[in-house]
Amino acid sequence: MMKEAIRKSGVLIEALPYIKKFFGKIVVIKYGGAAVDEKGIDRGILRDIMFMHYAGMHPIVVHGGGPFISKMMKKAGLEPKFINGRRYTDEQAVRIIDKALSVINRKIVSELRGMGARAFGLSGRENNLIKVKKMTPGYDLGFVGEVTSVDTTVLKRLVKDNIVPVIYPLGLGRDGKLYNVNADDMASAIAAKLKAEKFVLLTNVMGIMKDKGNPKTLYKTLNSADVQRLINDKAIDSGMIPKAEACSKAIRGGVKKAHILNAGIEHAMLLEIFTDKGIGTEIVN
Ligand SMILES: Nc1ncnc2c1ncn2[C@@H]1O[C@H](COP(=O)(O)OP(=O)(O)O)[C@@H](O)[C@H]1O
Ligand SMILES: [Mg+2]
């Protein structure tokens, strides 16, 4: 009994230098499609966010909603299509995405509130949070937006009041139209603008792998140049392209460190932030 109690206090003490280091600092957390649906997000992840919040960090949550969006699109007779990890989005799809993401958003906000945090949900279109233009990567993605500017006034106010912002990625174009924004892109733009201490991307794989089918080939640490080379060599493809680019961009924009972690590993975020164990891929300068 006594031994167990001492061991437990050891765990708390081990976390102290990290709690001190990150006290008052902003962490942008992107929670991926695969594990988010109409039922919200994993409670374990929410608890990690709560822990960070009460340890004095300022988590800002950005979420996607991949499978739920695809489900709603199919219901409406639309076939989901991805090109290089970004969803082809026609005008009808934007409306469906807006609806699906707002359902998920409300769910996450109410769960966080239920756990005892103050949380506030918004999309990129509100409070001029982001402005976008049509993304033109050399092929047509329809109404997919590239972030052109970020106004963090509302986020700073929320954070100052100890309210956790929960954001879903849609943005208005100069043409007054609504655009779908990849959640990785959106989270990266926000993290860079706020010069966040950390940028964490939770997804359905351990991180970036040399051979995506083999977890043993996981990269522990990469820099922007490595990431670009892996994309050119096609070792990184599909959904990992926007994710890897999001990390590089955030780092170049002044974020200290970016992490890609497996949301399926219990307390992946706490392990990464509050212990000396690195578990996923970290992207550094
Ligand atoms: N080199 C790689 N290492 C790891 N995953 C990769 C790699 N290249 C492509 N992927 C794919 O990227 C996917 C993650 O992106 P995505 O499906 O968009 O997830 P999310 O919903 O979290 O954004 C993985 O499931 C994996 O299939
Ligand atoms: Mg994705």
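The exercises below, each with a worked solution, concern a predicted model.

**Exercise 1. The sheet and its edges**

Give the strand order of the eight-stranded open sheet, and explain why one side of E7 and of E14 is left without a neighbour.

Solution.
- Step 1. The eight strands of the open sheet follow the order E7-E10-E4-E1-E13-E15-E16-E14, and their pairing is mixed.
- Step 2. Strand E7 (118–123) and strand E14 (221–223) are the edge strands; each has a single partner strand, so one side of each lacks a neighbour in the sheet.
- Step 3. From one strand to the next, the twist averages 20 degrees.

**Exercise 2. Pairing from E13 to E14**

Determine in which sense, parallel or antiparallel, E13 pairs with E15, E15 with E16, and E14 with E16.

Solution.
- Step 1. E13 and strand E15 (residues 257–262) run parallel and are joined by six bridges. Leu-201 has Ile-260 in E15 as its bridge partner.
- Step 2. E15 and E16 run antiparallel, with three bridges between them. Here His-259 is opposite Glu-282 in E16.
- Step 3. Strand E16 (residues 281–284) and E14 pair in the parallel sense, again over three bridges. Asn-223 is placed opposite Val-284 in E16.
- Step 4. As background, strands of a sheet pair through backbone hydrogen bonds, in either the parallel or the antiparallel sense.

**Exercise 3. Helices on the sheet**

State which strands helix H2 touches and which strands helix H5 lies across.

Solution.
- Step 1. Helix H2 (residues 43–54) packs on the sheet and touches strand E1 (26–31), strand E4 (58–63), strand E10 (163–168) and strand E13 (198–203). The direction of H2 makes about 150 degrees with that of E4.
- Step 2. Helix H5 (residues 153–160) lies across E1, E4, E7 and E10. Relative to E10, H5 runs at about 145 degrees.

**Exercise 4. The neighbours of H8**

Classify the packing of H6 against H8 and of H7 against H8, and list the residues in each contact.

Solution.
- Step 1. Helix H6 (residues 183–193) packs against H8 at an angle of about 10 degrees, and the axes are 9 Å apart. Angles under 35 degrees count as roughly parallel, so H6 is roughly parallel to H8.
- Step 2. From H6, the contact uses Asp-184, Asp-185, Ala-187, Ser-188, Ala-191 and Ala-192; from H8 it uses Pro-242, Lys-243, Ala-246, Lys-249 and Ala-250. By class, these are six nonpolar, one polar and four charged residues.
- Step 3. Helix H7 (residues 224–232) and H8 have axes that come within 10 Å and cross at roughly 155 degrees. Angles over 145 degrees count as roughly antiparallel, so H7 is roughly antiparallel to H8. The H7–H8 crossing is left-handed.
- Step 4. Ser-224, Val-227 and Ile-231 of H7 meet Ile-241, Ala-244, Cys-247, Ser-248, Ile-251 and Arg-252 of H8. The H7–H8 contact comprises six nonpolar, two polar and one charged residues.

**Exercise 5. Ile-241**

Decide whether Ile-241 is buried or exposed, and name the residues it touches.

Solution.
- Step 1. Ile-241 belongs to helix H8 (residues 240–252).
- Step 2. The cut-off for a buried residue is 20 or more other C-beta atoms within 10 Å. Ile-241 has 20 C-beta neighbours inside 10 Å and therefore counts as buried.
- Step 3. Leaving aside residues up to four places away in sequence, Ile-241 touches Asn-84, Gly-85, Ile-231 and Ile-236.

**Exercise 6. H3 and H4**

Describe the crossing of H3 and H4 and the classes of residue in their contact.

Solution.
- Step 1. The axes of helix H3 (residues 66–75) and helix H4 (residues 91–115) come within 9 Å, crossing at roughly 135 degrees. H3 is therefore oblique to H4, and the crossing is right-handed.
- Step 2. Phe-68, Ile-69, Met-72 and Met-73 of H3 meet Ala-93, Ile-96, Ile-97, Ala-100 and Ile-104 of H4.
- Step 3. By class, the H3–H4 contact has nine nonpolar, no polar and no charged residues.

**Exercise 7. Positive phi**

Locate Asn-127 and His-267, and give the phi of each.

Solution.
- Step 1. Most residues other than glycine have a negative phi.
- Step 2. Asn-127 has a positive phi, near 50 degrees, and sits in the loop between E7 and strand E8 (130–134). With 15 C-beta neighbours inside 10 Å, Asn-127 counts as partly exposed.
- Step 3. His-267 has a positive phi near 55 degrees and lies in the loop between E15 and helix H9 (268–274). His-267 has 16 C-beta neighbours inside 10 Å and so counts as partly exposed.

Notes: Residues numbered from 1 in each chain as written. Chains lettered and ligands numbered in written order. Predicted model: local features only at pLDDT ≥ 70, side-chain atom pairs only at ≥ 80, totals over all residues. Pairing = 2+ DSSP bridges. Helix = DSSP H or I, 4+ residues; strand = E, 2+ residues; numbered from the N terminus. Axes fitted to C-alpha atoms, helices over the stretch in contact; angles between N-to-C directions. Contact = placed C-beta atoms within 7 Å. Buried ≥ 20, exposed ≤ 12 C-beta atoms within 10 Å, placed from the backbone. Parallel < 35°, antiparallel > 145°, perpendicular 65-115°, else oblique. Nonpolar A, V, L, I, M, F, W, Y, C, P; charged D, E, K, R; others polar. Left-handed = near helix turned anticlockwise from the far one by under 90°.
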